[in-house]
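Hi there,

Here is the structure I promised to pass on to you. Have a look at it first, and then read my notes below.

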Amino acid sequence: MKTVSTSVQAKLEEGRENIERVIVTCVEHLQLPSAHNLQKIGARLGNVVNNLCSPLNYSIRELIEAELRGKLPPRDYKRLKGDFPYSRTSKADFDHLPLVQHTAIRRPDIYQLLESVQPYHTDYKWLGYLMGLSNQDKHELTIEVADINPNDFALLNKFSASIFGNRVI
Amino acid sequence: MSYEGSEPTIASTPCFVRPYQAFATENRGWVLFLVNFEDERIGLVKFMELANAGIQKIVSDFYQLL
């Protein structure tokens, strides 16, 4: 068993701090609504999603270093991307990725873990949002504010999934 | 009578109420922030907290195998 690297821990900590910053900026926006504040929330959310994606990518690079470097033909090794492999659509798409194929052969236990957290599984839909938002951050993240009808409020607690999509408002 | 951990907290609005992952305001009631992503609107705070906990779990499981 390997210890979680300090760079991964640092990114996770930064992610938690940035979540608090987003919340503070949301409160500031509610005190004094402005387009600038909404942009600031978007920018800070961008930091959060990037902070949270990095540990996944760092972990994958460690896997490549430990298990695949020097063990694959140079041509196959060059085709590997050092990013966390994911598919938002299907297992077939996920299994098609070169890194996934090599991991399945050499480390079936890690393959199983990677497969089990793919965003095409309902419980991990958030991971697809995370990866997508991290890519979208390069352009712009648009934030909206919505009032909650008190009748819908109980749903927030009861069904975590109801927070997604537009059923909440 | 009070119970441990159940004492009321008084805060000025607007403020963030963590158990509900929503913001309490004086004029607008409860408020949520939503992120536009493709054709979906994602609850901002719920998403951030879910993703934060989820990533920690994945990374921890991953390193246990590595």
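Let's start with one residue. Leu45(A) touches Val22(A), Leu141(A) and Ile143(A), as well as Val35(B), Leu44(B), Phe47(B) and Met48(B), leaving aside residues up to four places away in sequence. Touching, or contact, means heavy atoms within 4.5 Å.

Before going further, please note that this is a predicted model, in which local features need pLDDT of at least 70 and side-chain atom pairs count only at pLDDT 80 or more, while totals for chains, interfaces and linings use all residues. Residues are numbered from 1 along each chain as its sequence is written, chains are lettered from A and ligands numbered from 1 in the order in which they are written, and side-chain values use heavy atoms, with hydrogens and water left out.

**The core**

Leu45(A) is also one of the residues with the most contacts inside the largest nonpolar core, alongside Leu130(A), Phe23(B) and Phe47(B). That core has 57 residues. A nonpolar core is a set of buried Ala, Val, Leu, Ile, Met, Phe, Trp, Tyr and Cys residues joined through side-chain atoms within 4.5 Å. Buried means under 20% relative accessible area, exposed over 50%, and partly exposed in between (1.4 Å probe, protein chains only). Elements of both chains each supply at least two core residues, including α5 (98-106) of chain A and β3 (30-37) of chain B. The largest share, 11 residues, comes from α2(A). Helices (H or I, at least four residues) and strands (E, at least two) are DSSP runs, numbered from the N terminus.

How many residues of α7(A) are buried? The count is 10 of 12, and α7(A) is mostly covered. Those buried residues pack against α2 of chain A and against β3, β4 (40-43) and α1 of chain B.

**Where the chains meet**

The contact takes 63 residues from chain A and 43 residues from chain B. Together the two chains bury about 5200 Å², 72% of it on carbon and sulfur atoms. Buried area here is the accessible area (1.4 Å probe) that two parts lose on being put together, summed over both.

There are 3 salt bridges between the chains. A salt bridge is a side-chain nitrogen of Lys or Arg within 4 Å of a carboxyl oxygen of Asp or Glu. One of the bridges in the model joins Arg18(B) to Glu20(A), with the closest N and O atoms 3.0 Å apart. On the side of chain B that touches chain A, α1(B) gives the most, with 19 residues.

**Salt bridges within a chain**

Over all chains, the structure holds 11 salt bridges. Glu67(A) and Arg107(A) form one, at 2.8 Å between the closest N and O atoms. Glu67(A) lies in helix α2 of chain A and Arg107(A) in the loop between α5 and α6, so this pair ties together parts that are 40 residues apart in sequence. Both residues are buried.

In chain B, Lys57(B) and Asp61(B) meet in a salt bridge (2.6 Å, N to O). They sit 4 residues apart in helix α1 of chain B, so about one helical turn separates them. Lys57(B) is partly exposed at 49% relative accessible area, and Asp61(B) is partly exposed at 22%.

**Two backbone details**

The peptide bond from Thr13(B) to Pro14(B) is cis, with omega near 0°. Glu38(B), in the loop between β3 and β4 of chain B, has a positive phi near 50°.

Enjoy exploring!
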